[in-house]
Amino acid sequence: MCGTFAHPLKINVILSDYCYFCGMNYLEIAGTAVGVIYLWLEYRASAWLWLASIVMPALYIGVYYKAGLYADLGISIYYIIASVYGAACWLWGHSAPENSGRITHTPRRVVMPLLWVGATIFIVIGYILSRCTDSTVPWADAFTTALSIVAMWMLARKYLEQWVVWIAADVACTALYAYKGLWFTSGLYLAYAVIAVFGFRKWKVLMNE
């Protein structure tokens, strides 16, 4: 009898978990769709990419929380704030075309500070996640987060080499999200990595125009 009939409470718990998973899955699919749009806009160096860059992380906050990717949850909030900054830079600030801003190489004077900042973020976030959360991948999560923070700032400044940093982050994210079972997101970041190669070439052409 026990093998034939399940307890009603157990059925309710299973259904509740299933519905919750489906909700997260829909969010992941929606985030992936917006991410594809973001990819195209970034490839074209369109300022509209910043709108997609606000919507996508907003959708992923719930997905990352459910998956226990707390650093990625935090960076989603950072992405939203950084996207407002990036939009301001592109439209009205240093990087805006109408203000003679162009795609440029990363100045040598900022390379070492970026490396130090990235390393510091990696160590601090990795330590916090390993000590204060139940994350099963604290250092991998911290690594992708540190790379993404640096790359996002470089994107806001329209530095060509931001694509190189994104490639490294995207490859790492592809493996991390596959490990956590976020298959749509893993596929999205694999696409990011491939398109980033073409994006680098596209921006290099735009930079020389």
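View 1. Buried here means under 20% relative accessible area, exposed means over 50%, and partly exposed covers what lies in between, using a 1.4 Å probe and protein chains only. As for disulfides, the count is 0, where a disulfide is a pair of cysteine sulfur atoms within 2.5 Å.

**View 2. The chain, helix by helix.** You'll find 7 helices and 0 strands here, so the elements are read off as DSSP runs numbered from the N terminus: helices are H or I with at least four residues, strands are E with at least two. Of the 209 residues in the chain, 44% are buried. Take the contacts in the chain with a separation of 6 or more: 71% of them join residues 24 or more positions apart, a contact being heavy atoms within 4.5 Å.

**View 3. Inside the largest nonpolar core.** This core has 54 residues, and Trp 50, Leu 69, Leu 155 and Tyr 177 have the most contacts inside it. A nonpolar core is a set of buried Ala, Val, Leu, Ile, Met, Phe, Trp, Tyr and Cys residues joined through side-chain atoms within 4.5 Å.

**View 4. Who touches Tyr 177.** Skip the neighbours within four places in sequence, and Tyr 177 is in contact with Tyr 64, Leu 69, Asp 72, Leu 182, Thr 185, Ser 186 and Tyr 189.

**View 5. The largest pocket.** Its volume is about 260 Å³, the space filled by probe spheres set on grid points joined across faces, edges and corners. A pocket is an open set of points on a 1 Å grid over the protein atoms alone, where a 1.4 Å probe fits, with protein on both sides within 12 Å along at least five of seven lines; lining residues have an atom within 4 Å of a point. Of the 14 lining residues, Leu 114, Leu 115, Leu 147, Val 150 and Val 165 lie nearest the centre. H4 and H5 are the elements that give two or more residues to the lining, and H4 has the largest share with 6 residues.

**Notes.** Residues are numbered from 1 along each chain as its sequence is written, and side-chain values use heavy atoms, leaving out hydrogens and water. In this predicted model local features need pLDDT of at least 70 and side-chain atom pairs count only at pLDDT 80 or more, while totals for chains, interfaces and linings use all residues.
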